Amino acid sequence: MKEKILIVDDQYGIRVLLNEVFQKEGYQTFQAASGFQALDILEKHSPDLVLLDMKIPGMDGIEILKRMKVVNPDIRVIIMTAYGELDMIQEAKDLGALTHFPKPFDIDDLRQAVKKYLPIKSN
């Protein structure tokens with residue numbers, strides 16, 4: 001059983017990039033372009049880790065994170081933000097986000113963080 005990562009970002013290019021990188025690393029990936037899609041995937045597939053963009057039209061990252069924690073209080077979340085919004089980053093961490101990456105992020109740094117928080121178990 002592969003570890004599952006949910007990638008939540010309204011930018012198609014970022015979703016595709018992260019999807020490709022983490023599939024090559026051996027994870028099963030899911031993509032969501034909105035908070036509603038993310039919550040739907042969370043309920044159906046129970047991902048082990050979520051890569052969550054903070055700036056998503058409709059439902060922002062904080063709201064998505066709050067709702068995810070209701071569904072699964074133990075969900076592991078790494079947030080990504082293009083803005084140096086310290087208040088939002090702090091609020092996300094207060095809600096249980098593991099860490100954050102400013103965009104544009106270094107893909108190798110993000111890969112290392114995912115490996116740290118979601119090591120692949122050998123079957």
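Why is strand 1 largely enclosed by the rest of the structure? In this predicted model, five of the five residues of strand 1 are buried, so the strand is largely enclosed by the rest of the structure. The sections below describe the chain as a whole, then its sheet, its helices and its salt bridges.

## Overall architecture

The chain contains five helices and five strands. Starting at the N terminus, these elements follow the pattern β-α-β-α-β-α-β-α-β-α.

Along the principal axes, the C-alpha atoms fill a box of roughly 40 × 30 × 25 Å. Of the 123 residues, 45% are buried. Among contacts with a separation of 6 or more, 67% are between residues 24 or more positions apart.

The five strands form an open sheet in the order 2-1-3-4-5, and their pairing is parallel. Strand 2 (28-32) and strand 5 (99-102) are the edge strands, each of which pairs on one side only. On average, neighbouring strands of the sheet are turned by 20° against each other, direction ignored. Strands of a sheet pair through backbone hydrogen bonds, in either a parallel or an antiparallel manner.

Strand 1 (residues 4-8) is joined to strand 3 (residues 49-53) by four bridges, and the two run parallel. Within this pairing, Ile5 has Leu49 of strand 3 as its bridge partner. Strand 1 also pairs with strand 2 in the parallel sense, over five bridges. There, the bridge partner of Leu6 is Phe30 in strand 2.

Leu49 is a residue of strand 3. Leu49 counts as buried because its relative accessibility is 0%, and the cut-off for burial is under 20%. Leaving aside residues up to four places away in sequence, Leu49 touches Lys4, Ile5, Leu6, Arg76, Val77, Ile78, Leu98, Val114, Tyr117 and Leu118. Leu49 and Asp74 are 25 residues apart in sequence, and their C-alpha atoms are 9.9 Å apart in space.

## Helices against the sheet

Helix 3 (residues 61-71) lies across strand 1, strand 3 and strand 4 (76-81). The direction of helix 3 makes an angle of about 155° with strand 3. Helix 5 (residues 107-117) also packs on the sheet, where it touches strand 1, strand 3, strand 4 and strand 5. Its direction is at about 165° to that of strand 4.

## Salt bridges

Side chains of opposite charge can pair when their charged atoms come close. The count of salt bridges in this structure is nine. One of them joins the side chains of Arg111 and Glu25, with an N to O distance of 2.6 Å. This pair links distant parts of the chain, 86 residues apart: Arg111 belongs to helix 5, and Glu25 to the loop between helix 1 (12-24) and strand 2. Arg111 counts as partly exposed, at 22% relative accessibility.

A salt bridge also connects the side chains of Lys103 and Asp53, at 3.2 Å from N to O. Lys103 lies in the loop between strand 5 and helix 5, whereas Asp53 lies in strand 3, so this pair links distant parts of the chain, 50 residues apart. Both Lys103 and Asp53 are buried.

Arg67 and Glu63 form a salt bridge whose closest N and O atoms are 2.8 Å apart. Both residues lie in helix 3, four residues apart, about one turn of the helix. Arg67 is partly exposed, at 35% relative accessibility, and Glu63 is partly exposed too, with a relative accessible area of 30%. Elsewhere, salt bridges that share partners join Glu25, Asp108, Arg111 and Lys115 into one network.

Key: Residues numbered from 1 in each chain as written. Predicted model: local features only at pLDDT ≥ 70, side-chain atom pairs only at ≥ 80, totals over all residues. Heavy atoms only, no water. Pairing = 2+ DSSP bridges. Axes fitted to C-alpha atoms, helices over the stretch in contact; angles between N-to-C directions. Contact = heavy atoms within 4.5 Å. Salt bridge = Lys/Arg side-chain N within 4 Å of Asp/Glu carboxyl O. Buried < 20%, exposed > 50% of the residue type's maximum accessible area, 1.4 Å probe, protein only.
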